[in-house]
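Student: Could you walk me through this structure, one question at a time? I am new to it.

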Amino acid sequence: MSAEPLWRRRDRRWAVVFLAPQLLGLLVFLVGPLGFAIVLSFMEWDGLGDTTWVGLDNFRALLTDPGFGRAVWNTVKIGLITVPGGLVLALLLALALHGVRGRTAYRVIYFLPVVTSSVAVSVIWQMILGGGSDGILNGTVQDLFGVTLPSWLEDPTWVVPAIAVVTIWSSLGLNVVIFLAGLATIPANLIEAARIDGAGPWQTLRSVILPLLSPTVFFTLVVSVISSFQAFDLIYVLVNPDHNEGAQTIVYKVYQQGFREFRFGLSSAAALILLVLTLVVTAVQFKAQKRFVHYES
Amino acid sequence: MSTLKRRTALLAVATALCVSACSGTNGAAGDGQDGKVTLRWATWGPAEDMAVFKAFTDYFTKKYPNITLKLEPVASYEDYHPKLLTQLTSKTAPDVFYVGDDYIGKLVADGVLAPLDAQLAGPQSKSRPTDFFEGIYGGAKKAGVTYGVPNDTNPEVLWFDKKALAEAGITDDPAALNEAGRWTMATYLEMNAKLKAAGKYGSIFWNWYGANYSLVNGFGGKVWEGGKFVAPSDPKARQALKTLADGYRDKTFASADLLPEGNGPSTQFIKHKAGFYAGGRWVIEGIDKGGDRPNYDIVPFPSESGQPIQGAVAASYLTINKDSKHAKEAFTFLTEFVSKEGQQLRLKGGSAVPSVKGAESLVTDGKYPAHAQTFLDVRDKGFANYPDEVAVPGLTKAVNDHLMKIWEGKVGFDEGMTQLQTLVDGLKGRKS
């Protein structure tokens, strides 16, 4: 067996050199903090003093804390509304825009909320959904019909649906663009063939378009679920979960315990629970995809 | 130069640039070649509030031309301490910074603040440690060592609406009763009952330690004793909290936190919908938005006997970073900032009450409210939040959040008190 040629060894060295900045970034900003968080989750640390090993105490404390349970449930509720709601709406819009003249302009319009700062989005929606007659929506309805609507952002019953509406609105453009890209990859001759065979619009959608679009649906599903689990900034500004338990999510708890209460061990444990939860749900989705995702061979 | 060598050289330059760009700008960044020092200091508040520091900054920089002040504000109080914590952890915190009364205990315990006693008593100091009232040091003092000086204060008092009281058939003036030593809890609660009977709120309170613990003190109760949270078990404290809980439920009292945004406590108060409104000097701003100034006056929280009690005083502290590379300049700033002259410059036209002796004219010169002296009386005898409570970050908020559940009737009173004890013991018991 001959030794590896010199040029190949040199190429490999250069590959390492060019990959080094990325790998360094990965190590410093991802692997390092993740490892640190895992170690911290078994410790008590206030960010300034000494660390103390506490074993599984942090996890025990979280799993028996009704407040954390409520945050998990809130996170799940937000996901249950935003993921299916957002995907169905985005798919319908993408289907409506597909093949329409000037769809680039529509794409830009739908994409605008995605590139808008989440703080700006939250402040605008605060003005719209604000309680009492100060809110644009409530004030208008009150003036026109004399009907008093709930305080969307304060009422524990309505705060999750309100968050879901804003989340769907702000992420709709991204999903529409992804679906439009997926629709563009479907060969026109297949749709044409289905029509010649007598398939109506609904049958074409169900039997041709959706199966061929299923990898895109799967991708957006996985990304949307992960995003919904990580929901924080938009909710933090929109609702101020400090004063509304109905809006407290897992990431809020991570922030609260770490940076408000200086309990970094507990905070890291909560972050790890979120990581495990996300991994499990994603794994289930990957397992389930075999049943509904159709990959063209 | 070969292509490869040129590439290598370029890569080295790029790496060097990247490393220098990514490196921190810790303390020494402010040192100029000409002996000038840039002093970083931090506080919280929206941009428009920062204007109050302009007069002081101008005065300071004129007096100390070798020190340039760099203010690093954080818009919200809630986000200020998390940022400060990360800066302290990464050794990039400002030289001088504000600390809220609910976080001071923790930062003192963690040893990140410079002790100030020697300098405060030294020749450079513009005010003596005793120029600040003992009770308002709160958690800024530990084992006799001072780690922070109160910037300014806001004593919690009861504002009252003369018209609302008259409409409820109340003829006694609470301020006059107080001057006569007859401002008792029984009288106050009786007035509240009459106000409620007249279709008004008796009192509006914000749900915070200032109002809650002032009322506990008024009943003669104890909140903390010997390092232990005793409010749920101390009979008089429990009676005070039960009075509050019952009052919220039968609408004798209203929680300002729960009133709708467009019809908040200030609006209710200027519309004569409530007899009393617990708050600081800042209530004046609300009255000025449509209220009739002479109709309102203030009185301290009542006591069982009619004699003055320790009322709560909201305070914040100015502290020096133990790791500051400009300790001397940092103290110069601190002592000027909290001195009588410094407070006069900062607080003129504002709604705070000075924390230092000698600047009382800021409160009394305007002759409003009629009993403005009450602010100073409460400050002089009052207390900032208990050191035991502020030693645990988030504890005060946890207590307030739990009390709110009781006020709202989400938890029964007895059950709520048991839960409160467990909650506080749990948070107090842990190390971090």
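Tutor: Gladly; let us begin with a salt bridge, meaning a side-chain nitrogen of Lys or Arg within 4 Å of a carboxyl oxygen of Asp or Glu. Arg70(A) makes one with Glu245(A), where the closest N and O atoms are 3.3 Å apart. This is a predicted model in which local features need pLDDT of at least 70 and side-chain atom pairs count only at pLDDT 80 or more, while totals for chains, interfaces and linings use all residues. Side-chain values use heavy atoms, without hydrogens and water; residues are numbered from 1 along each chain as its sequence is written, and chains are lettered from A in the order in which they are written.

Student: How many residues apart in sequence are the parts that Arg70(A) and Glu245(A) tie together?

Tutor: Helices (H or I, at least four residues) and strands (E, at least two) are DSSP runs, numbered from the N terminus. Arg70(A) sits in helix α3 (residues 66–97) of chain A, and Glu245(A) is in the loop between α10 (233–239) and α11 (250–260) of chain A, so the parts they tie together are apart in sequence by 175 residues.

Student: Is Glu336(B) buried or exposed?

Tutor: Glu336(B) forms a salt bridge with Lys126(B), with the closest N and O atoms 3.9 Å apart. Buried means under 20% relative accessible area, exposed over 50%, and partly exposed in between (1.4 Å probe, protein chains only). Lys126(B), at 39%, is partly exposed. Because its relative accessibility is 1%, Glu336(B) counts as buried.

Student: What is the relative accessible area of Lys200(B)?

Tutor: The side chain of Lys200(B) meets that of Glu167(B) in a salt bridge of 2.6 Å, N to O. Glu167(B) is partly exposed at 44%. Lys200(B) is buried, and its relative accessible area is 13%.

Student: Which residue of chain A is in contact with His81(B)?

Tutor: His81(B) lies in helix α3 (residues 77–89) of chain B and is buried, at 2% relative accessibility. Contact means heavy atoms within 4.5 Å. Leaving aside neighbours within four places in sequence, His81(B) is in contact with Trp44(B), Val99(B), Gly100(B) and Tyr103(B), and, from chain A, Phe262(A).
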